[in-house]
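Please take a moment with the sequence and the model below. We will walk through them together, from the overall picture down to single residues.

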Amino acid sequence: MAGSLNKVSLIGNLGKDPEIRSTSDGKEIASFSIATTEAWKDKISGEKKEKTEWHRIVVFKEGLVGIVKNYIKKGSKLYIEGQLQTRKWVDNNGQERYTTEVVLQGFNASLILLDGKAGAFTDTNTNNNLPNFDNSELDDEIPF
């Protein structure tokens, strides 16, 4: 294989309001979790089943942090595109821990609000306009 690809695309809802923190040099970082839910009908019982997965998202890209900070809250429906990264850290008991996150940084990162509540956004840090999204044609049903 000539190369590799690390790209994650998710559509889900925020479980709680995002957390904004700052690095020692004043750069802001946003973090939050989104839930993706798979729903299906059990073939034997006919019962509706669901499985929810939680995904930890960390946003380093300056313009996207501003959008998270100003427009995103618990329950917001988002489209996220980033890279999967695992980082090692030490807990309060001195134990090494690992956390896998979807990281939004660089030119490959995307974050789009799908609620339709907010309209068009201006990324004040880069002066790029983000499109107004109409999700009236999106269907939340899984087709199988």
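**A guided walk through the chain**

The chain exposes about 10100 Å², and carbon and sulfur atoms supply 46% of that area; accessible areas here come from the Shrake-Rupley method with a 1.4 Å probe, and for residues only the protein chains shown count as cover. You are looking at a predicted model, in which local features need pLDDT of at least 70 and side-chain atom pairs count only at pLDDT 80 or more, while totals for chains, interfaces and linings use all residues. Residues are numbered from 1 along each chain as its sequence is written, and side-chain values use heavy atoms, with hydrogens and water left out.

How confident is the predictor? The mean pLDDT (the predictor's confidence in each residue, from 0 to 100) is 83 for the chain, and 80% of its residues reach 70 or more. Over residues 119–139 the pLDDT is below 50, and this stretch has 23 contacts in the model beyond near neighbours in sequence; a contact means heavy atoms within 4.5 Å.

Now for the layout. Helices (H or I, at least four residues) and strands (E, at least two) are DSSP runs, numbered from the N terminus. Of the contacts between residues at least 6 apart in sequence, 56% join residues at least 24 apart.

Strand 5 runs antiparallel to strand 1, joined by six bridges, and antiparallel to strand 7, joined by four. Y79 shows both sides of this: Y79 is the bridge partner of I11, and in strand 7 the bridge partner of Y79 is I112. Strand 5 also pairs with strand 6 in the antiparallel sense, over eight bridges; there K88 has Y98 as its bridge partner. Five residues lie between the strands of this hairpin, and G94 takes a positive phi near 80°.

Stay in strand 5 (residues 77–90) for E81. E81 counts as buried because its relative accessibility is 13%, and buried means under 20% relative accessible area, exposed over 50%, partly exposed in between (1.4 Å probe, protein chains only). Its side chain makes a polar contact of 2.2 Å with the side chain of Y79. A polar contact is a pair of N or O atoms within 3.5 Å; within protein, one must be able to donate a hydrogen and the other to accept it, and residues adjacent in sequence count only if both atoms are side-chain atoms.

Beyond four places in sequence, L111 touches residues including F32, L64, V68 and L104.

Finally, turn to T52 in strand 4 (residues 48–59). T52 is partly exposed because its relative accessible area is 39%. T37 is 15 residues away along the chain, yet the C-alpha atoms of T52 and T37 are separated by 4.3 Å, and a polar contact of 3.0 Å joins their side chains.

Technical notes. Two strands pair if DSSP finds at least two bridges between them.
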